[in-house]
Amino acid sequence: MNSELSSLQVKDIGEQGLLERLQRFCPPEIIGDDAAVLETAPEQSLVVTTDVLVDGVHFSNLTTSPEDAGWRAAAANLSDLAAMGASPLGITVGLGLPGKVRVSWVERLYQGMTECLQKYNTSIVGGDVVRSPVTTLAITAFGQVNPSQIIRRSAAVVGNAIVVTGVHGASRAGLELLLHPELGQDLKDAERTALIRAHQRPQPRLDVLPILQKILASPCPMPIAGMDSSDGLADAMIQICRASGVGAVLERRQIPVPKTFNHWLTPNQALEYSLYGGEDFELVLCLPQELASALVQHLGEDAAIVGKITTGSTVVLHDEQKKFPDQVLSLSQGFQHFSQ
């Protein structure tokens, strides 16, 4: 891209000029009308989710390139679909921009979105562009799921095992390394890169859905409760328990964290990152013990049973070795919009 094009600003080409450039990121047979028409398979439920991301709150030039911001925006929405058990069909993008934003920045943002979506055979199928005093990105994602395989927060029952995919705290660690490069001096380059990539290029766990569908392919499929850990593992467990009218016990030593944490974080920091760091986009699932064991067996080291659903209404962090007292988890320790 030559310097003249890279310095071109949105106000220079206007709304229609920008839309014309962005249409190349969408399938030509879908866009052009007032709304997108998406065909779904028979006996499927349509799942719709929306996320709004604001410059300076959800992304920043200090920590993410335009491509990374686009990837993270798409991944967040795909993760919400995965948390419902739904396969993605497409997304629409609402974009608010100051006129001084460079066109190349917007195109790079869309490039990042399409790079993430292409991995899951998904496309941008429409959207809108408006003038705004701050860059804002609102994405609506559409997915489909068999009604018998919908994952809901309200389906947890006493005795369920709690399964988490992946590791928790990696995204928060990557963000801290970006904001404070002097941290983690004992980390190897590859270890540092892996943590930063966890923050900049998170992977929505759509890959887990076919395994769940295989496990549930029985005469009497059992309902699964769950959500993603976009706001942290503690938040996910509290939200599930509130919706289901139950409590939970999490085993401190069973929570999977990156192995590199013990190279540069204190135990308390590692625990805070894993419980409240957020933006890992892993799945937190509650299901019968037999199904939980089968899921972990299929995923290997990429999943772990970290606790169980109990009576009551509190979520307790427990240490089997009794080196730490029980701790009741709360939402106040995690990120909350409008808390400041």
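## Strands and their order

In β3, Ile124 is the bridge partner of Ile91. Strands here, like helices, are DSSP runs numbered from the N terminus (E, at least two residues, for strands; H or I, at least four, for helices). This is a predicted model, in which local features need pLDDT of at least 70 and side-chain atom pairs count only at pLDDT 80 or more, while totals for chains, interfaces and linings use all residues. Residues are numbered from 1 along each chain as its sequence is written, and side-chain values use heavy atoms, with hydrogens and water left out.

β2 and β3 are paired in the parallel sense over seven bridges; two strands count as paired if DSSP finds at least two bridges between them. On the other hand, β1 pairs with β4 (residues 136-145) in the antiparallel sense over 10 bridges, and Val52 has Ala138 in β4 as its bridge partner. Put together, the four strands form an open sheet of mixed pairing in the order β1-β4-β2-β3. β1 (45-54) and β3 (124-131) are the edge strands, each with a single partner, so one side of each has no neighbour in the sheet.

## A helix across the sheet

Now for what lies on those strands. Helix α4 (residues 103-118) lies across β2 (87-97), β3 and β4, and runs at about 170° to β2. Such angles run from 0 to 180 degrees between N-to-C directions, with axes fitted to C-alpha atoms, for helices over the stretch in contact. Together, β2, α4 and β3 make a right-handed β-α-β unit: with the strands pointing away from the viewer, the path from the first strand over the helix to the second runs clockwise.

## The nonpolar cores

The largest nonpolar core has 59 residues, and those with the most contacts inside it are Leu95, Val106, Tyr110, Ile124 and Leu295. Its largest share, nine residues, comes from α3. A core of this kind is a set of buried Ala, Val, Leu, Ile, Met, Phe, Trp, Tyr and Cys residues joined through side-chain atoms within 4.5 Å. Buried means under 20% relative accessible area, exposed over 50%, and partly exposed in between (1.4 Å probe, protein chains only).

Beyond its neighbours within four places in sequence, Tyr110 is in contact (heavy atoms within 4.5 Å) with Leu22, Phe25, Val93, Leu95 and Ile124.

## An exposed loop residue

Pro133 sits in the loop between β3 and β4. Pro133 is exposed, with a relative accessible area of 83%.
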